[in-house]
Number of protein chains: 2
Amino acid sequence: MADRPIGVFDSGIGGMTVVKELFEMVPNERIVYFGDTARVPYGTKSVETVRRYAREDTELLMSFGVKMIVAACNTVSATALEEVEHAANGLPVIGMIGPCAKEAVKVTRNGRIGIIGTEATIASGAYEKAIAEESLIQEKLCETLSKACPLFVPLAEEGWTSHVATEVIAEEYLRDLNVKEIDTLILGCTHYPVLTDVIQRTMGPRVTLINSGAVAAKLVAEMLELERTAGRQTPNENPEHTLLVSDIPRKFQTVGERFLGRAMPEARHVVWKESWTLEP
Amino acid sequence: MADRPIGVFDSGIGGMTVVKELFEMVPNERIVYFGDTARVPYGTKSVETVRRYAREDTELLMSFGVKMIVAACNTVSATALEEVEHAANGLPVIGMIGPCAKEAVKVTRNGRIGIIGTEATIASGAYEKAIAEESLIQEKLCETLSKACPLFVPLAEEGWTSHVATEVIAEEYLRDLNVKEIDTLILGCTHYPVLTDVIQRTMGPRVTLINSGAVAAKLVAEMLELERTAGRQTPNENPEHTLLVSDIPRKFQTVGERFLGRAMPEARHVVWKESWTLEP
């Protein structure tokens, strides 16, 4: 197991914000990342399509002999984690929702938790369900308020992280969350951490932002530490990472570096071979 | 030929703005529309991927026995029209670029033509090339200025057609075009017609906007009229249309109606069966 890589996937390169955290938390681990850039985004698509994509993405990572799967995509984590677990065939699977819900319930003082994410994530109600469960476990009464913020993804990709248009849009999306005086806000999309500054400014300093990717990366580190304590892991000195993508668009390097916070490794191109059938 | 449908495709449902024009111009023609909603958008993806998608989309329409293909997607028209023509196997193919360039050169008074579109369309330089050719044919000196407006697509899909954020973003994107005093602006993306009001307000009343889909629909009507004059066409009284999509997302009806300007016909689901290979 020791030398097998961690498999990480996302609809595109937003999941690089999670890889950034993994580089910090488990610097000696090899990572195989797949970004499905030929079919991105997932967050605006139907549950059925996201489930199919999640299964295919996991199967691709499995072929690289990974030892665990990180679904670095909130849309997949919210709607298709069972498909990922099935395709992972008994390997540990880390989604974005569960760990983040646990952290949010732990952190909140007034019990009012806000959730922002893609259309698909918000429509799934997955965060609400996970927070309700955690409220029982931690014996802490919590209420939730959620809001889909579909324009945040293209704004993050465009790199308008401090543009006045982003301020105006954040103001509009986050208004209700501000009115309801939440004290904790879950960034329920791996693209959102690059918009942390504008979101924090809009929400004010008393609201704690929770980066779902950072929380998940912490859980990965804890799990690997347990493995190591049990003597089943030895760390790599100079881990070699693998970056797989289904499309290499024009702005790939620029956008990737914005999310990863450093130079991107060289990418290998995965080609989806497709044929269609018409449903009856 | 008479009874065979017109095949129209787009990366998603933005091409419905072209169907809207076809309904006006050729109301007795049957239309088979394919929207590749499982892989939308195309405009942010690489030329190689867009070419593969365009070929697959055309092959799908061909299986419906269409008599002509309308590539109702500027990104495809700008980067992959040869692939469409090849897959169309000798059938007439109408793209968005050529007809629109011809119209723009005809309409401009001061010879300064602006072009807005997706990243892929603008990077291709296809409009510039077509306008240069038309300038020679029409013996009219023209210069062009182009600008990629990637946020216009998600804004159109979100339905923020008159939102203050859209005004701010339009102001930013169109500033240079305004400074250069263009008098004609090509809406080089089938999503943009729903943003006509805000774009016209930002550019001022002296700038003529050219809707690429409307111009292409007019060309389709002219071609069919020629066919009819040659006695090879008889119109349908009550044409039945077919709507095919590769995904039916949550907001499909709402967004579709925004582009089509009326209720959407019932959609049939096309499933892409995919398998992957890793490029060497």
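Two strands pair if DSSP finds at least two bridges between them. Keep that rule in mind for this predicted model.

One neighbour is strand β8 of chain B, residues 208-211. β7(B) and β8(B) pair in the parallel sense, over 4 bridges. Here B:Leu187 stands opposite B:Asn211. Another partner is strand β5 of chain B, residues 112-117. This pairing with β7(B) is also parallel, over 5 bridges.

Look at its two faces. B:Thr184, B:Ile186 and B:Gly188 lie on one side, and B:Leu185 and B:Leu187 lie on the other. Both faces are covered.

The size of an interface is often given as the accessible area lost when the parts come together. Between chain B and chain A, the buried area is about 4600 Å². Carbon and sulfur atoms give 55% of that area. Each chain brings 52 residues to the contact.

What holds charges face to face here? The rule finds 2 salt bridges across the interface. One of them joins A:Glu119 and B:Lys251, with the closest N and O atoms 3.2 Å apart. There are also 16 residue pairs in polar contact across the interface. On the chain B side, β10(B) gives the largest share, 11 residues. That side divides into 27 nonpolar, 10 polar and 15 charged residues.

Definitions and conventions. Residues are numbered from 1 along each chain as its sequence is written. Chains are lettered from A and ligands numbered from 1 in the order in which they are written. This is a predicted model: local features need pLDDT of at least 70, side-chain atom pairs count only at pLDDT 80 or more; totals for chains, interfaces and linings use all residues. Side-chain values use heavy atoms; hydrogens and water are left out. Contact means heavy atoms within 4.5 Å. Buried area is the accessible area (1.4 Å probe) that two parts lose on being put together, summed over both. A salt bridge is a side-chain nitrogen of Lys or Arg within 4 Å of a carboxyl oxygen of Asp or Glu. A polar contact is a pair of N or O atoms within 3.5 Å; within protein, one must be able to donate a hydrogen and the other to accept it, and residues adjacent in sequence count only if both atoms are side-chain atoms. Helices (H or I, at least four residues) and strands (E, at least two) are DSSP runs, numbered from the N terminus. Ala, Val, Leu, Ile, Met, Phe, Trp, Tyr, Cys and Pro count as nonpolar, Asp, Glu, Lys and Arg as charged, and the others, Gly among them, as polar. Buried means under 20% relative accessible area, exposed over 50%, partly exposed in between (1.4 Å probe, protein chains only).
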